[in-house]
Amino acid sequence: MRELQGRRPQRSASPCFRPATATAAVTFLALLALGLIAASPQHYPVLIGHAHHIAKYMQDVALRIGGQHRKIAPCYLHHVGRRKECAWLAQHQPWLPRTDDAIRPLPWGELNFLHTTDGHGWLSGHHSSSPPEPQYSADLASWASFSSHMKQNARSKAIDLLVVDSGDLYDGNGLSDGYPNIPPGQPNHEQAVQGHVAGKLISLIDYDLLTIGNHELYNYSVAKDVHLNFAPRWNGRYLTSNTYIHLNQSTGNSSTSQKKPIGSLYARFQTPTKGFRITSFGVLFNFQGAGPGIEVQDPALMVKEPWFQKALDPAVPVDVFVVAAHMPVRGDSGLDVVHQAIRRVHNDTPIVFLGGHTHVRDCRMLDDRTLAIESGRYFETFGFASVSGIKKVGATGGEGVLRFARRYIDANALNLAFHAGVRSAKDLVTAQELFIRRLMQMISRAWGLDTLHGVVPGDYFLERFHYGHNQSLLSLLSDHVLPTIVRPSDPRAQNNNSATSSLILINSFSQRHDVLAGVFTTNEQYIVSPYRDRFKYVRDVPWAHANLLLERLNEQKSVSLKDSWRFEDRRYGWGFIDDIFDAWQGSQWALFSKQRRSATMGASKLPFHHASSAGSNKTAHQESEASADQATLPPISEGSAVAVEAEAGSEAHTTQTESSGASGTDTTTADASTDKTASGTMANAVLDAVQLANLPSLGYKTTDGCEGEGDDTEHTPITFSPDQPTYVASLPDPLPGPDAVVDVVFVEFIRDPILRILNELSGEGEGKRRYDASQVELWGNVTTQLLYPLYARARWQRSDPDAEITKLERVAQEAGFQRWPGEPFDAQAS
């Protein structure tokens, strides 16, 4: 439950990481470079050859305008191995997965689909060597080449391929969120909007259909930019069937508001090769959290609209309905409503739903002529679906057997080359790919996304290890980051007043992603903790009350979230999906563990091992302190994958409070500790088997509702511990006496429950303190988004970062991972 999906991440506006006054020039030049993409493909090689000169010019201008007149020697990727001070940039060379991974081929049909969804700005791919990140090291440029090759392959096979995206393009990475902060009145201010430049990059992909996600709708300026600048690029194929924007129009002294679809309501077209007649829609779930001026219509009401009924006109021949849907393939009534509405008019026409939103890999047959697929998140998965045996309306001859198939592709160069049918990953590369990647590098450099803050010595995970483990990210946060970065911000101490002991509280869903070994740059800042909540505090709270806050917070949150993974929970309508993803991922480990226990006659027969580098990167210090992975396994009953998911999700929520008490330490019972030790033994034995290549590499191991295997690569599932507290705390050191008072410090997002619990503890009656918002004050200038960059500078700075990187690379190579051998990242460099 690390992420409140309904909260829109905010970019950093801190001038300590990027000259704020340089941003106008940066944005202008970045957009100017993007304008070059309008050139025809034969011009790509020329542009590539000059890309690094353009990038240097962009940075030099930005520095001059920013008032930094010092001469610099900027690092670019083509400097890797040539200049020592640029050695850390080797971390931006992608890692390739193990070469012993078995890859399943794609089940081509007559009509095929490539699918992305929930990219959340991960356009530059995954750079870490920590498994399973090398499985997902492809970037937007790789996707451009792969989709191009696949369309060529489809043409050569005399079949059709459509490329589709199901929304949530933004929020979660620097290329979408790290845009320059250009003040009003400056050139290009209207274009300095979250996702504007990312949208230009995404526009380079030859998509056939797209739809919108909820993350494009939290902010009116973002939705308006999509409507005015992104949607028109697709010539009627950016579909927003139930999403509208209200545009203000001024005429003389009056102002009116006009309601318009953000994109197009629906589209009709024919496929280029076989001429299938397609009617398509783009539908968002019944989202309740859209910003002012944005309207999302319930799909149940959408299907009653006259335009929708017209689109289903039985007199208009349709061979296949295609629905790009930002909603999951199971559990959301909106998808079923759309399916039933189509079926009432077209009872036997094939339907394909390409879903998203919950970040899982999933597939479901709604009936024997309807396939629904969801294709993961974060550019980790490229979905593939196919339909065979389609009978064209009005065609003569017998009907073939209608067949559907799907595959979830691990997004890395080796897998993409295999599926594209080329000899090697190098043969996959096109001139377009080289140019797009250079362009992304230029923008990253100009925006300061590659600013190095430190080298992380090892991996810290959100869910692989129980809270209290030395590789738990929440433990790092409570035990090290908060006391190092937040506590010294005490405004009393800064004003030379007498400082009071402090208790610091934070919600675990303020953390979005693991902190992985290797370089920590500004881009990682947006990945790990994108929210920009300030810290507030209440003065002089009796320690007898403050000492109970953490326990009370976790108790009430566990009760309120006990069943929150279920779609019926109203949180889902506001975009909160992390519980669903956690339950899905946890079910993979739970099912695998049960099967392995059965195969090995019980966990007690497995030898005990420490977690190995197959599952993570560790420094020598971490290795010496490593304890068993204590991933508590939920009880599993025989039945479908859905039942396993349900039990895994329920267990994850009912056990949350066990790992945190008022002291912030593990307070589980002896029996629970014994269970965790046994399951930890299982996890460590599995990781060692992966290390020795006795088991497949780590990754997603999907069980869905469709026939056959879905994953293109056989994997061992990632270990998972549901024992994660919803709130963690940094305790005063030393602990106060029973009659002492402390300052209670907390992120502003959890102010209301803090005040409510303090009032409950204070009690009623005359003389009892009542807590309200007027007593809440600002605690320093630190925000949640700046926690890790500041901590990296304080604790992860290295006198010889090259040596640290070399050490981590050696660990990765011993685990069977290799860097890309050269192309395409340093091609054409001078």
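Over the ring of which residue does the charged end of K392 sit? The charged end of K392 sits over the ring of F276, 5.7 Å from its centre, where such a placement requires NZ of Lys or CZ of Arg within 6 Å of the ring centre and within 35 degrees of the ring normal. This is a predicted model, in which local features need pLDDT of at least 70 and side-chain atom pairs count only at pLDDT 80 or more, while totals for chains, interfaces and linings use all residues. Residues are numbered from 1 along each chain as its sequence is written, and side-chain values use heavy atoms, with hydrogens and water left out.

**Aromatic rings**

- Across the whole structure, a search finds 29 aromatic pairs, a pair being rings of Phe, Tyr and Trp (its six-membered ring) with centres within 6.5 Å, counted as stacked with planes under 30 degrees apart, edge-to-face over 60 and tilted for the rest.
- One of these is the edge-to-face pair of F230 and Y238, with 5.4 Å centre to centre and 85 degrees between the planes.
- F379 and F382 also form an edge-to-face pair, at 5.5 Å centre to centre and 90 degrees between the planes.
- One aromatic cluster is formed by W143, F146, Y207, F230, W234, Y238, F379 and F382.

**Charge over a cluster ring**

- The charged end of R233 sits over the ring of W234, 4.0 Å from its centre.

**Burial**

- Both F230 and Y238 are buried, which means under 20% relative accessible area, as against exposed over 50% and partly exposed in between (1.4 Å probe, protein chains only).
- F379 counts as buried because its relative accessibility is 7%, and F382 counts as buried at 0%.
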